[in-house]
Amino acid sequence: MATIDFGYTISKPRAIDLDRNNLRKSDEILREMPELQACIGCGSCTAVCTAGSLTTFNFRKVHTLVRRGEYQGAYEEMNKCMLCGKCRLVCPRGINTRGVALLIKRKLGDF
Amino acid sequence: MKKTIIIGSGVAGMQTALCLAERGIEPLIIEKESEPGGKLRGWHVLFPSFTPAEEVLGELRHRVREQGIEVMTNAEAVGLTPQSVTLADGRQLTGDAVVLTSGFTLFDARIKEEYGYGIYDNVFTSADIERMMAEGRVTKADGTAPQRIAFLHCVGSRDEKVCQQHCSRVCCITGVKQAMEMKRLFPGAEVFNFYMDIRMFGPGYEEMYREAQQRCNIHFVRGRISEAAPTLDGRVQIKAEDTLTGRPLRMSVDMLVLLVGMRANDDNASLAASAGLKQAPSGFLEPRDLFLRSTESSTEGIFYAGTVTAPKNIGETLAEASATADAVAKFLEK
Amino acid sequence: MNFYAPFCLPFIVGAAVMFAVVAGKWSVWLWRLPRADKLRIARGLPSAATLRATGEVIGESLLHRRIFRIDPLLGYMHMSLAFGWFLLIAVGWAETIAHLGLRFVPLQGHVFFKYFATGLPHKPFFDLVMDLLLLFVLSGVALAWGKRFCSKALGMRRTTRHVVGDRIALSALWFIFPARLVAESTTCALYGGGGFLTGTLGTWMHDHISVMALMNLETAAWWIYSSALGLFFVAMPFSRYMHIFTEVPLIFLRHYRLQSGEKESSYDRFQVEACSRCGICIDPCQLQSVLGVDDVQSVYFLRDRRYGMLRREVADNCLMCGRCVEKCPVNIDLNTLRLNSRDAMHNVPDERRYDYFRGLDRSQGAGKVGYFAGCMTLLTPRTLTAMERIFTAAGDEVWWADREGGVCCGRPLKLAGETDSARRMMRYNTELFRKHGITTLVTSCPICLKVFREDYDLDGIEVLHHSEYILRLLETRRLTPDRRTTRYTYHDPCELGRGSGIYEAPRTVIEAVGELLEPAATRENAPCCGSSVANTAISDTQQLQIARTVTAELEDTGAEVVVTACPLCKKALGRGTTRPVADLAEIVAESLN
């Protein structure tokens, strides 16, 4: 089929659209683990992360996106985590990061 | 003549004593160290004006001497009541009121083992840098000049892993100040500040931050360093996430400076217990009221000035000490 | 002689139901065992294992020796009920034979022999022994009642909260022996006989109660006795009392080397139903004693799993410190069972997961000795630099497996129930160790140590914890530290002590460099630091709460330095105390000249 080239391609909008995103899963996750809201995004978890130094996995980004209702790919990303627990040891806010990783996988397994 | 015992001879203690003496109340300062002056001793210059610390401290000391205010050194208070202070050697001092100006303790950076303080030669604390500057000799461990320096904010502050939840307030601006001084000493060096949040709360601070960024070309990276490791050539490799790009960052530096926070004194608990004072969860002592009676303790006749209640800068401490003297005078008039 | 009376009916029905259900359960469980396990049984049956198992059945199922070790009075209570009842049955049979010779007597004939034997001549010896035994059992029942009101007297601070079925069975059990006493005594009152207990009580009743009333009472008492037995027997296979019949085959199977594994298996049923819910596992649990979490302990975990109502929250909330395992009188493999429950809940077979491991190796150095610091140890660099000094001083060439970050050992994933993924890590690391040709693998992390020893296939590579490695260097004089006067105390990491049985090595090493002061709870009883990777349920604050109780005990020793041998424990304890906390390697490295 012939396609007309308009000189640009339409890609998924980049903006996080909180008018459209469904925060139901995000709310569920935060209800089970309210401490995740205490994240100040210091990046310590990602800095120590062994999986993160070997792949594009970024724990902080994944859980932040999930909290914004951006679930696409979160499960697959979280599956790169080795659950070693270094992140929990460095988190200045005392967040149970291993628990967060497991929780996100559990809640988003069907996405 | 009424007499007031002041515990601690830092800027808060000296300023309180001077203001009380002006009002005709006899102050007695007790100091556990062998020399008066508190934490400001050994500090180089003060933010945001780069005023030499000695200018402030020297002036206070001079006036204390001039007024003939008694300073008892090597005297550690272990218990107190509104009318008396018990010293570690068993002596008991009596007076009509007590002002607690015992300040804070610097966070021991060795506790954050992953930053390597006390393990690797080229990891320093902000207090070390200040001392080196005051001594006029800032170098790497091997005596050479650093080419690349990293400052890490919030070491022992806002960190629940070391049970210090509070913000120490002054480290952000200290980091900016020391970075600028480093740049002045070593114009060719690259200077990085790793931070979680930058809190520029005082007059002139924000301007100073901008100057550091724009004029001094100091790099600010938003991300907390997670680990430091030695490199074969004796430098320090640090790891952080550059959270603004969302990618892990690693770099080697010649000096890693840890901006250590202010934490509550360990003996606050026993002092509080001896006099029925209230201690906040952070370990600092809690004033009777945060707004209208912020210089009074929960026990009548015991007062606070300075960082014994919370982290403060020098200006705030001096202002509070005057207010405390005022409150003490009013109390003694009764 | 006719051995039937209407009151026997409840007993007969109850016993029939019980035997049918128990036999049914056993058959199904055995039938479902994997073939390898069945072969183990076939090979074990004719061997000495059977004899050893018989011995253990007598020692544990009847005498309850392990409970005696926990508390003598509690042990006596359990023994009097189990062994006493067993003897009542055994001596009862002997009594029947003594009276009637070897001939068939139906079950109820043995059980209610006193009722049927009124026409027979007395045998005072049996009267005496049977009364003694009844008194023995009754004393146990009295203690069991007492335990409801004051469990502390029997060495238990907390007891199990029972479900309704258990309460019914328990009440029936409490009634059985008092009812038997009354029934036998009334029979003695009417027909004479009996020993110092039933006889005396019978005589008293004879003197004070009219014959008519006694006859009514006799019928009623035997009915109650039989009904209590019947009710207990019906409830038994469905309640905690199933353990009576399950512990016996369990002991045999264990001696035939059957084991629970990382996946659920039929053998697990024997372990799960062998739990008597005695509740001894509750007191050692720090989640209970420090945090007040009271529904996740092994007794509740096994109960929920048995009745198919296990919730994730219960399975996941456990430190797996093994303190309850040490105390379990039935020796149930509690941690393995919990792990395979987690596997059943969380395991996701995904062959492509961790494909990124391929071709990844950032290790440095070369040598016959491989050092796997462990992820957590990378955050305690004082341990790393100390190990470096020790390796240099000992003159060992070392291959550093994970200094630049390596693949995790896999145990954290296994502990979270993601067993298949954990296996991928184990395969990766095994290949890595083989590729570098090491003969000794040293690790500073007890979590890694345990998984290397138990789950890795590392034939030809000796796996050592650094405490064992250092001890070996000391013994061969390759390391000669100075002994100083520093006073140390030592915290046993769970995975090193209870998990891997290493208690002596770190202690010997500490004593080589200074003085060792033991805390109140130590070795097998040592508490967990609270930061166990096995628990993803408790919060940071709760971890800290546990750590503070542990450091308080360590500080009480008066030691200047707290020593441990696990990076995670070190971090956790450091939060709870202002005293210096050091790894074993550090204090050795400091003492090198």
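This is a predicted model: local features need pLDDT of at least 70, side-chain atom pairs count only at pLDDT 80 or more; totals for chains, interfaces and linings use all residues.
## Chain B as a whole

Chain B contains 7 helices and 20 strands. Its radius of gyration is 21 Å, close to the 20 Å that the globule rule gives for 334 residues, and chain B is therefore as compact as a globular protein of that length.

Of the 334 residues in chain B, 59% are buried. When contacts in chain B between residues at least 6 apart in sequence are considered, 65% of them join residues at least 24 apart.

## Two residues of chain B

B:Asn268 belongs to helix H6 of chain B, which covers residues 268-275, and with a relative accessibility of 0% this residue counts as buried. A polar atom of the side chain of B:Asn268 lies 3.1 Å from the backbone oxygen of B:Gly283. Apart from neighbours within four places in sequence, the residues in contact with B:Asn268 are B:Ser102, B:Gln279, B:Gly283, B:Phe284, B:Leu285 and B:Val308.

B:Asp96 is found in the loop between strand E8 (92-94) and strand E9 (97-100) of chain B, where its relative accessible area of 28% makes it partly exposed. If neighbours within four places in sequence are again left aside, B:Asp96 is in contact with B:Lys2, B:Lys3, B:Pro82, B:Gln83, B:Phe331 and B:Leu332. The C-alpha atom of B:Asp96 is also separated by 9.8 Å from that of B:Ile25, a residue 71 residues apart from it along the chain.

## Where chain B touches chain A

The contact between these two chains takes 20 residues from chain B and 21 residues from chain A, and the area buried between them is about 1500 Å², with carbon and sulfur atoms giving 43% of it. On the side of chain B, the residues that lose the most area to chain A are B:Lys161, B:Arg224 and B:Glu241, which together account for 34% of what that side buries.

Between chain B and chain A there are 13 residue pairs in polar contact, counting pairs with both residues at pLDDT 80 or more. The interface holds 2 salt bridges; in a salt bridge between A:Lys86 and B:Glu227, the side chains meet with an N to O distance of 3.9 Å.

## Where chain A touches chain C

Here the contact takes 27 residues from chain A and 32 residues from chain C. The two chains bury about 2300 Å² between them, 59% of it on carbon and sulfur atoms, and in chain A the residues losing the most area to chain C are A:Met82, A:Arg88 and A:Leu89, together 26% of what that side buries.

The interface of chain A and chain C has 1 salt bridge, and C:Glu418 forms a salt bridge with A:Lys105 in which the closest N and O atoms are 2.8 Å apart. There are also 9 residue pairs in polar contact, with both residues at pLDDT 80 or more. Helix H3 (50-54), helix H6 (86-90) and helix H7 (97-108) of chain A each supply at least two residues of the side that touches chain C, and the largest share, 5 residues, comes from H7(A). By class, that side of chain A has 11 nonpolar, 8 polar and 8 charged residues.

## Salt bridges within chains

Over all chains the count comes to 83 salt bridges. One of the pairs in chain B is B:Glu114 with B:Lys112, whose closest N and O atoms are 3.5 Å apart; B:Glu114 counts as buried at 4% relative accessibility, and B:Lys112 counts as buried at 3%.

In chain C, the side chains of C:Asp343 and C:Lys263 meet in a salt bridge at 3.0 Å, N to O. C:Asp343 lies in helix H18 (residues 334-346) and C:Lys263 in the loop between helix H12 (242-255) and helix H13 (267-273), so this pair ties together parts that are 80 residues apart in sequence. C:Asp343 is buried at 7% relative accessibility, whereas C:Lys263 is partly exposed at 35%.

Key: Residues are numbered from 1 along each chain as its sequence is written. Chains are lettered from A and ligands numbered from 1 in the order in which they are written. Side-chain values use heavy atoms; hydrogens and water are left out. Contact means heavy atoms within 4.5 Å. Buried area is the accessible area (1.4 Å probe) that two parts lose on being put together, summed over both. A salt bridge is a side-chain nitrogen of Lys or Arg within 4 Å of a carboxyl oxygen of Asp or Glu. A polar contact is a pair of N or O atoms within 3.5 Å; within protein, one must be able to donate a hydrogen and the other to accept it, and residues adjacent in sequence count only if both atoms are side-chain atoms. Helices (H or I, at least four residues) and strands (E, at least two) are DSSP runs, numbered from the N terminus. Buried means under 20% relative accessible area, exposed over 50%, partly exposed in between (1.4 Å probe, protein chains only). Ala, Val, Leu, Ile, Met, Phe, Trp, Tyr, Cys and Pro count as nonpolar, Asp, Glu, Lys and Arg as charged, and the others, Gly among them, as polar. The radius of gyration is taken over C-alpha atoms; the globule rule is 2.2 Å times the number of residues to the power 0.38.
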